[in-house]
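Please look over the sequence and the model, then read the points below.

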Amino acid sequence: PMAYTPDDARFADLMEAARRADVSHGGRRVWAGVGIYQTDLDGAVRKVALARKAGTAGFVLFSYDWAANEGSVGEGETYLGALARRAFPASARAPGR
């Protein structure tokens, strides 16, 4: 589902509802749509964790173009790079690095 909401509780409720709707596949066909343009970096990291906790197959970030190019968290780091570092500390690398 495109759960583009800044509210963590609402996001979690939407993930749970989508997972229940996919009961015959155990939620394996559910990908969480995270509206990262609507929240700060901490909120995006929380929503990635909530999607994982809900048992979704993965997540999709909107808007990638904004996060990779326009979004900034300071000191020259893109929003996407910072999100990768915080949500995937052991495995992710920022684009171009």
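In which sense do strand β2 and β3 pair, and over how many bridges? Strand β2, residues 31-35, pairs with β3 in the parallel sense, and five bridges join the two. The model is predicted.

**Overall layout**
- Four helices and three strands make up the secondary structure of the protein chain.
- Along the sequence, these elements follow the pattern β-α-β-α-β-α-α.
- The protein chain has a radius of gyration of 14 Å, close to the 13 Å that the globule rule gives for 97 residues, so it is as compact as a globular protein of that length.
- The C-alpha trace spans about 45 × 25 × 20 Å along its principal axes.

**The sheet**
- The three strands form an open sheet with parallel pairing, in the order β1-β2-β3.
- At the edges are β1 (2-3) and β3 (58-62), each of which pairs on one side only.
- Ala32 stands opposite Phe59 in β3.

**Packing of α2 and α4**
- Helix α2 (residues 41-53) packs against helix α4 (residues 79-87) at an angle of about 45°, and their axes are 10 Å apart.
- That angle makes α2 oblique to α4.
- The crossing of α2 past α4 is right-handed.
- On α2, the contact is made by Leu41, Asp42, Ala44, Val45, Val48 and Arg52; on α4, it is made by Tyr79, Ala82, Leu83, Arg86 and Ala87.
- Of the residues in this contact of α2 with α4, eight are nonpolar, three are charged and none is polar.

Technical notes
Residues numbered from 1 in each chain as written. Predicted model: local features only at pLDDT ≥ 70, side-chain atom pairs only at ≥ 80, totals over all residues. Heavy atoms only, no water. Axes fitted to C-alpha atoms, helices over the stretch in contact; angles between N-to-C directions. Parallel < 35°, antiparallel > 145°, perpendicular 65-115°, else oblique. Left-handed = near helix turned anticlockwise from the far one by under 90°. Contact = heavy atoms within 4.5 Å. Nonpolar A, V, L, I, M, F, W, Y, C, P; charged D, E, K, R; others polar. Pairing = 2+ DSSP bridges. Rg over C-alpha atoms; globule rule 2.2 N^0.38 Å.
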